Amino acid sequence: MRTTGWLAARIAAVRPTTSHARVLTLDVPGWPGNDPGQHLDIRLTAEDGYQAERSYSIASSGPGERVELAVDTVPDGEVSPYLVDVAEVGDVLEVKGPLGAYFVWHESDPDPVQLVAGGSGIVPLLAMARAHDRSESPVPFRLLYSVRSPDDALYRDEILDLAGRSLDLTWAYTRAAPEGWPEPVGRLTPDRVAAATWPPARHPLTFICGPTRFVEAAADAMVATGHDPARVRTERFGG
Amino acid sequence: MAQFTRGFGSRRRDADPDLPPGQYLTTDFPVLSAGPTPRIPLSEWSFSIRTETGETARWSWDDFTALPSEEVSTDIHCVTRWSKLGTSWRGVALDTLFEDVETSFDYVMAHSYGGYTTNVPLEDLLDGKAWIAYEFDGEPLDPEHGGPARLLVPHLYFWKSAKWVRGLVMQQHDDPGFWEQNGYHLRGDPWLEERYW
Ligand SMILES: Cc1cc2nc3c(=O)[nH]c(=O)nc-3n(C[C@H](O)[C@H](O)[C@H](O)COP(=O)(O)OP(=O)(O)OC[C@H]3O[C@@H](n4cnc5c(N)ncnc54)[C@H](O)[C@@H]3O)c2cc1C
């Protein structure tokens with residue numbers, strides 16, 4: 001799949017997924033399809049020609065001209081508040097992609113998969129979990145999803161649904177947990193990462209995504225536990 | 001012709017002539033790498049240049065830091081769209097390291113601890129355009145940012161400035177490195193916005 005030039009994309013649907021994040025479905029004539037884990041660039045152009053570009057992971061995968069994104073508001077940001085609060089069905093923006101060939105899960109991969117997400121870092125990992133759920137792949141998938149509180153989880157219902165079927169799920173809460181939650185609330189520690197992920201002996205392929213600091217900490221924890229660094233793939237969203 | 005996006009543009013940031021197209025200014029030093037951060041003890045660290053004959057010039061940490069170094073003040077531009085202006089580094093110029101290297105090949109593959117590779121034309125490394133940097137802001141370079149030493153090629157997107165660099169291998173053709181095989185541009189000039197193939 002080659003990367004396209006800028007393509008016009010029309011917003012086909014929007015729905016909130018938390019109080020501060022939104023799922024956007026785009027119709028992109030000419031979109032070549034994409035693999036689970038890839039991202040695209042969005043370009044917005046104001047009426048006077050001013051432009052801004054940002055990268056967003058793609059929650060959907062496979063052939064077809066529809067792509068799904070999920071955007072979390074960075075409160076003092078420029079583009080994310082527009083996409084979450086202002087953009088409406090029928091509005092047109094531009095996209096380029098799909099981008100990235102490394103942070104991608106392939107159905108033919110024979111190894112167990114460990115997903116580790118922080119906040120909106122769930123987006124490309126959900127694309128992988130969805131693709132795995134639809135596929136014939138026999139490999140087990142495990143997700144460790146760190147969020148501030150239960151209400152801050154993007155795609156919460158769908159993840160719970162997958163967890164009943166094809167995904168082994170562990171939540172980690174950094175600010176507030178549900179009542180009676182057995183684990184401590186706070187940043188992930190290496191011990192908790194080790195306890196909630198495949199042991200190195202299973203030789204998993206690990207995908208970690210989220211804010212830069214979260215990704216660094218989680219990747220360091222995986223390596224400290226004995227995972228081969230070459231099997232730990234990371235995508236940093238910045239911040 | 002770009003497509004206008006209704007209602008966009010109220011929160012824009014000021015344009016800056018020092019910024020290449022599509023970049024925004026940051027005052028942090030964000031981290032971008034493909035995997036976890038390797039930690040290399042200085043006693044095990046070495047840097048080498050290997051040519052087409054197999055001849056290899058090699059420097060231990062002590063050899064390397066005894067070479068004449070330069071202070072470099074420069075802007076850096078990451079393909080993920082942040083730019084940082086006026087950063088300051090100390091490093092050894094590639095001109096110094098290539099002084100006694102005989103090669104007829106025009107391209108270089110940089111190799112890093114951790115397995116990362118990136119391809120760079122030799123002409124983008126010589127004539128005061130590139131360094132092996134080991135200090136940032138007067139301090140030893142943090143492992144997160146590529147320490148003990150990283151390639152610094154500031155006129156190209158920053159993924160070319162391989163962190164944790166351990167050697168250069170001359171190559172006849174501009175064979176792609178890690179990110180280049182994974183969708184990034186072969187050369188990566190930020191002013192031409194050479195982000196992806
Ligand atoms: C590969 C990739 C995939 C991504 N996928 C997703 C995704 O699926 N979902 C998602 O929600 N996000 C994703 N992101 C993050 C996304 O690209 C944006 O960074 C994010 O939406 C914030 O953009 P923004 O324009 O709202 O904020 P920005 O305006 O870019 O601001 C971000 C932060 O930087 C600071 N800042 C920026 N410019 C300045 C300035 N000039 N002066 C002072 N401070 C400044 C702001 O204060 C703010 O805290 C991804 C990023 C990458 C690299």
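A polar contact is a pair of N or O atoms within 3.5 Å; within protein, one must be able to donate a hydrogen and the other to accept it, and residues adjacent in sequence count only if both atoms are side-chain atoms. This is a predicted model, in which local features need pLDDT of at least 70 and side-chain atom pairs count only at pLDDT 80 or more, while totals for chains, interfaces and linings use all residues. Residues are numbered from 1 along each chain as its sequence is written, chains are lettered from A and ligands numbered from 1 in the order in which they are written, and side-chain values use heavy atoms, with hydrogens and water left out.

**View 1. Gln23(B) and its surroundings.** Gln23(B) sits in the segment before β1 of chain B (strands are DSSP runs of E, at least two residues, and helices runs of H or I, at least four, numbered from the N terminus). Its side chain makes a polar contact of 3.1 Å with the side chain of Ser83(B). Leaving aside residues up to four places away in sequence, Gln23(B) touches several others, including His77(B), Trp82(B), Tyr157(B) and Arg195(B) (a contact means heavy atoms within 4.5 Å). Gln23(B) counts as buried because its relative accessibility is 10% (buried means under 20% relative accessible area, with a 1.4 Å probe and protein chains only).

**View 2. The shell around the ligand.** The ligand is surrounded by 23 residues (each has a heavy atom within 4 Å of it). The site is shared between chains, because residues from chains A and B surround the ligand. Of the shell residues, 10 are nonpolar, six polar and seven charged (Ala, Val, Leu, Ile, Met, Phe, Trp, Tyr, Cys and Pro count as nonpolar, Asp, Glu, Lys and Arg as charged, and the others, Gly among them, as polar). β4(A) gives the most to this shell, four residues.

View 3. A polar side-chain atom of Ser80(A) is 2.5 Å from an oxygen atom of the ligand. For Asp76(A), an N or O atom of the side chain lies 2.6 Å from a ligand oxygen atom. With Val79(A), a backbone N or O atom is 2.7 Å from an oxygen atom of the ligand. Taken alone the ligand exposes 960 Å², and the protein buries 78% of that (areas come from the Shrake-Rupley method with a 1.4 Å probe).

Technical notes: Buried < 20%, exposed > 50% of the residue type's maximum accessible area, 1.4 Å probe, protein only.
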